[in-house]
Amino acid sequence: MPDALELLKTRRSVSAFLLGDPAPSDADIRQMIEIAARVPDHGKLTPWRFILYRREQGERLSELLMPLYHARFPNAEAQRVEQERGRFSRSPVTIGVISKAATHAKIPEWEQFLSAGASTMNLVLAAHALGFAAQWVSDWCADDVAASALLGAGPGERFVGFVHIGTPKEKPLDRPRPAVDEVLSNWSEAR
Ligand SMILES: Cc1cc2nc3c(=O)[nH]c(=O)nc-3n(C[C@H](O)[C@H](O)[C@H](O)COP(=O)(O)O)c2cc1C
């Protein structure tokens, strides 16, 4: 297992199109969820939950989702439509992260969304720690109410994203990262 700092410094997303077998085992998936559920959560509300989609279910999901896709994007190019058909067959597994954020007497909804984001990030990191790669994708399904319902979101819930997980088919390239001095400043009263 890589050293924790090394792990955090080397994580990068890998496109779902480049994620293949081996797939995470059931035990791996349970471990990832355990880690995804260990995040800051103001009020201990557990304002998130997860749904697992296996590649074998991709075809059925496609049958259900494609009519919605066509209705929403009637002019989509053929290549894009073809890609869309394979949305849930791209990677061995996909885990949908659902925010259950709701009005609360003390905890702003915004903070509940942030906790779901932290949970998604932990999921991505857990995949990396177990030797897999992941991509956090939102795209149209995440903000389409009908698609979200088909994918398992209940009333008032919404997807924070879908995390595709698998083994990279090729060594992933990194992208430039912001330099520390670009994003860190010391507070000063003078502006
Ligand atoms: C909330 C959220 C939604 C995202 N949705 C998409 C998406 O729909 N499609 C996509 O290609 N990347 C999406 N990304 C970006 C990728 O997850 C990833 O961050 C990006 O490819 C850069 O790679 P990196 O994680 O190695 O920096 C999303 C990221 C976040 C935080």
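The legends below describe close-up views of a predicted model.

Residues are numbered from 1 along each chain as its sequence is written. Because this is a predicted model, local features need pLDDT of at least 70 and side-chain atom pairs count only at pLDDT 80 or more, while totals for chains, interfaces and linings use all residues.

**View 1. The whole protein.** The protein has eight helices and five strands. These are DSSP runs (helices H or I, at least four residues; strands E, at least two), numbered from the N terminus. From that end the order is α-β-α-β-α-α-β-α-β-α-α-β-α. The C-alpha atoms fill a box of roughly 55 × 45 × 40 Å along the principal axes. Of the 191 residues, 26% count as buried. A residue is buried if 20 or more other C-beta atoms lie within 10 Å of its own, exposed if 12 or fewer, and partly exposed in between, with C-beta atoms placed from the backbone. Among contacts between residues at least 6 apart in sequence, 81% join residues at least 24 apart. Contact means C-beta atoms, placed from the backbone, within 7 Å.

**View 2. The annotated binding site.** An unreviewed UniProt entry gives the annotation "binding site" to Arg 11, Arg 12, Ser 13, Arg 38, His 42, Trp 136, Val 137 and Ser 138. They spread over 128 residues of sequence and up to 27.8 Å between C-alpha atoms. UniProt positions are given in the numbering used here, feature names are shortened, and annotations may be inferred rather than shown by experiment.

View 3. Ser 13 sits in the loop between helix 1 (4–10) and strand 1 (19–20). It counts as partly exposed because it has 17 C-beta neighbours inside 10 Å. Residues up to four places away in sequence aside, Ser 13 touches Ala 134, Gln 135 and Trp 136. His 42 belongs to the loop between helix 2 (26–36) and strand 2 (48–54). With 14 C-beta neighbours inside 10 Å, His 42 is also partly exposed. Beyond four places in sequence, His 42 contacts Ile 107, Glu 111 and Ser 115.

View 4. Ile 29, Met 32 and Ala 36 are the buried residues of helix 2. They lie on the same side because they cover an arc of only 60° around the axis. The arc is that of the directions from the helix axis to the C-beta atoms. Ala 27, Arg 30 and Glu 34 are exposed on the other side. The cover over the buried residues includes strand 2, strand 3 (93–99) and helix 5 (109–129).

View 5. Seven of the seven residues of strand 3 are buried. Val 93, Ile 95, Val 97 and Ser 99 lie on one side, with Thr 94, Gly 96 and Ile 98 on the other. In a regular strand the side chains alternate between the two faces of the sheet. Strand 2 and strand 3 run antiparallel, joined by seven bridges. Strands pair if DSSP finds at least two bridges between them. Arg 54 stands opposite Val 93. Seven bridges also join strand 3 to strand 5 (residues 158–168), again antiparallel. There, Val 97 stands opposite Gly 161.

Methods
Two residues are in contact if their C-beta atoms, placed from the backbone, lie within 7 Å.
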